[in-house]
Amino acid sequence: MSRRPLFARRPAPAGTDAHRAVVLDAADPSDATELRRLRRRRDVTVVDQRAGLAAELTEVRPPVADTTGGSTWAWYPWRRTLVAVPPESVFHLLRLDRNRNKITVAEQNRFRELRIGVVGLSVGHAIAYTLAQEGLCGGLRLADLDSIELSNLNRIPASLCDLGTNKAVAVARRVAELDPYLDTQVYLDGLTEECMDEFFDGLDLVIEECDSLDMKFRIREEARRRGVPVLMETSDRGLFDVERFDLDPQRPLFHGLLGEVSADTLRGLSTEDKAPHVMRILQTGDLSARMAASMVEIDRTVSTWPQLAGDVQLGGATVAAAVRRFGRGQHLPSGRVRVDLDRTLAALDTSDCAVPRATAPDVDARAADAAVDLTAVDPGPADAVVHAVRLAPSGGNIQPWTLTPTPDGGVDIHLDPARTSALDVAFRGSYVAIGAAAFNATVAAARHGRKATVTAFPAGPASGPVVSVALSPGTDPELAALYPAMVRRITDRAYGRVRPLEPAVAAALQAPVAAVGARLHLVTDRARVARLADLVAASDRIRFLTPLLHREMMGEMRWPASLHAADGIDVATLGMDAADLAKLEVAARADVMAELASWGGGVGAALGDNSRDRINSSSAIAVLTVDAARPADYVRGGMALEHLWIRAGQHGLGVHPVSPVFLYAHDDADRRGLSETFADELGDLQQQFGTTVGLAPSETPVLVLRLSHDTPPPAARSRRLDRDVVLPQFPAVSQTSDPTNGRKS
């Protein structure tokens with residue numbers, strides 16, 4: 001759509017035909033003189049609400065400079081009223097603020113370039129005003145030769161004070177009182193051959209709502225010649241027509257419903273002679289029964305066809321929706337459709353009502369039932385080891401392992417490449433999870449008087465098990481003592497209360513990490529915690545707005561209807577109230593995220609609020625790292641992670657992983673594999689994260705954890721895969737395959 005200047009501004013005509021506001025600026029000497037003259041008149045009402053406008057402006061987000069206290073006024077001669085208004089750009093920003101983001105600011109600016117003509121201002125009155133109200137055009141041309149009569153007030157939103165006023169003037173006045181900057185031109189004699197060229201020059205769209213059959217046809221002839229689309233709304237059963245002469249210059253007029261006729265052959269016909277043509281346009285068989293019956297009674301018991309205000313207002317809404325699509329360049333082909341509210345209401349059915357997924361108590365009860373067997377102590381060492389492996393944490397609770405028992409009562413833990421996600425870059429997250437599972441196995445073995453030896457990649461990094469856990473006679477009382485806390489270990493996503501992390505507790509968390517050559521950064525400074533909260537929130541935003549990452553994230557969610565699933569994250573464990581769960585259901589919609597992503601400009605920051613708020617409620621952020629980045633290093637880091645997690649639980653701390661999207665990305669190629677659109681932003685966030693935590697160049701993050709005091713007991717814990725699922729005969733697989741299976745963001 002090319003940018004063109006507005007219609008030429010003309011001074012408001014005097015007398016009964018005045019329909020434009022006169023915008024006066026006190027900074028201009030001639031306008032200042034006129035303002036002084038108007039203020040001296042006793043019959044002039046002055047409306048000065050600049051203080052209120054300034055207050056409204058403070059509520060606009062993002063904040064804008066207050067320029068409402070300027071010197072701009074709108075003079076309405078037909079009301080003899082002078083109104084203080086903001087400058088044009090601020091006026092539009094404030095008046096249309098509540099359009100956002102059903103209509104974005106960028107779209108609003110595009111719509112202001114549209115020039116729209118409306119012919120026929122009975123039905124057209126509602127349409128023109130709706131277009132102006134939504135800010136869908138920068139100029140209106142209004143044509144109608146009739147004046148408002150009392151019988152028009154059943155559908156035209158005018159008043160008794162408007163009787164005798166030309167219909168086009170009445171609309172233009174209402175528009176001017178809504179928006180003094182919106183340019184309008186009126187054609188008081190309707191659309192005629194003499195003004196046809198002037199009316200059509202520069203128009204983007206014509207909305208035809210006139211009664212004259214020959215003029216209906218003539219408008220389409222001219223529109224087709226100029227390549228201007230025509231819209232028409234007929235207020236019976238919501239019949240709406242689109243004729244895209246801009247896309248198809250050879251398209252037959254009225255979709256070919258009238259056959260071989262012309263404007264000349266239709267001119268001057270009697271009502272009786274027009275009837276067959278009108279019926280072809282309206283398609284008699286599709287008329288509402290009441291409209292069809294009324295047509296039989298015209299000139300007998302009724303004077304003309306009936307129209308209702310509600311149907312006319314619906315027509316305004318329908319046309320406005322079509323203009324939005326046209327202005328956005330969305331799909332709007334030629335054709336006709338019925339927006340039939342009566343038929344829709346007749347089909348009301350309580351079975352169509354959405355049933356809430358579940359109330360909070362239902363969620364908690366079902367999730368609790370699912371967790372009953374997870375803390376049980378299994379009778380023998382082999383069973384205990386398998387049970388402990390199943391209890392290990394994994395990203396999204398995907399449980400990326402399959403187990404093979406070994407003759408000594410131990411277990412080989414294999415990677416299942418099918419149970420992964422795009423965030424699990426090169427299976428690094430899966431290796432961490434398998435390391436955590438291996439540590440659990442050592443604890444279960446010690447509990448049963450066995451010594452567990454863990455070997456990472458016994459057959460090499462490209463095939464075979466990731467970890468082999470061999471059992472032999474021996475005892476380890478320190479590990480055995482961890483067993484009760486290990487089986488009770490849980491992800492605690494609830495809000496905490498910020499309290500200092502006692503030095504003894506910090507030392508107890510550092511010890512098991514240091515014992516395996518890993519490193520633990522405990523961030524407790526509130527400014528650094530807040531900075532990390534912002535970085536993780538920004539990362540969450542990217543996860544929501546990247547289609548693949550969003551789809552996988554929502555695929556992990558387990559609502560009550562899917563609680564039979566033994567993997568994923570039960571929503572009952574998210575620590576959300578009913579309002580937050582409702583927000584999550586909105587955020588789960590791919591179409592909503594696609595809209596946000598398309599708007600650009602950093603929108604969607606609120607998508608990270610949940611993580612930001614929870615991190616800021618934490619006593620510390622724990623960042624666990626290792627000193628290399630080989631698969632075996634991630635396994636080692638996973639063992640340290642689980643030991644740390646269990647120790648934190650023993651000290652009464654709630655533990656919640658808050659891994660950012662970039663956690664397992666090593667380079668730009670990894671980040672582009674996560675999100676091509678946001679790769680550069682991910683790189684910036686990753687760099688800022690490392691700086692804020694104080695990571696050395698040689699350190700590789702394993703996981704990021706919230707550590708929280710005084711959290712309420714978790715409502716539930718996530719389920720685990722059945723033994724039969726994790727203990728099949730394991731087929732040989734390559735661990736170097738692409739975890740995204742070729743999927744791109």
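Visitor: Why is Trp78 counted as buried?

Guide: Trp78 has 18% relative accessibility, and buried means under 20% relative accessible area, exposed over 50%, partly exposed in between (1.4 Å probe, protein chains only); Trp78 therefore counts as buried. The model is predicted: local features need pLDDT of at least 70, side-chain atom pairs count only at pLDDT 80 or more, and totals for chains, interfaces and linings use all residues. Residues are numbered from 1 along each chain as its sequence is written, and side-chain values use heavy atoms, with hydrogens and water left out.

Visitor: Why does Leu163 count as partly exposed?

Guide: The relative accessibility of Leu163 is 38%, so Leu163 counts as partly exposed.

Visitor: How many aromatic pairs are there?

Guide: Rings of Phe, Tyr and Trp (its six-membered ring) pair if their centres lie within 6.5 Å; planes under 30 degrees apart count as stacked, over 60 as edge-to-face and the rest as tilted. By this rule there are eight aromatic pairs.

Visitor: What makes the pair of Tyr76 and Trp78 edge-to-face?

Guide: Their ring centres are 5.6 Å apart and their planes stand at 70°, so the pair is edge-to-face. Tyr76, at 6% relative accessibility, counts as buried.

Visitor: Why is the pair of Phe91 and Tyr181 edge-to-face?

Guide: The centres of these rings lie 5.5 Å apart and the planes are at 65°, so this pair is edge-to-face. Both Phe91 and Tyr181 are buried.

Visitor: What links Tyr187, Phe199 and Phe200 into a cluster?

Guide: Ring pairs link Tyr187, Phe199 and Phe200.
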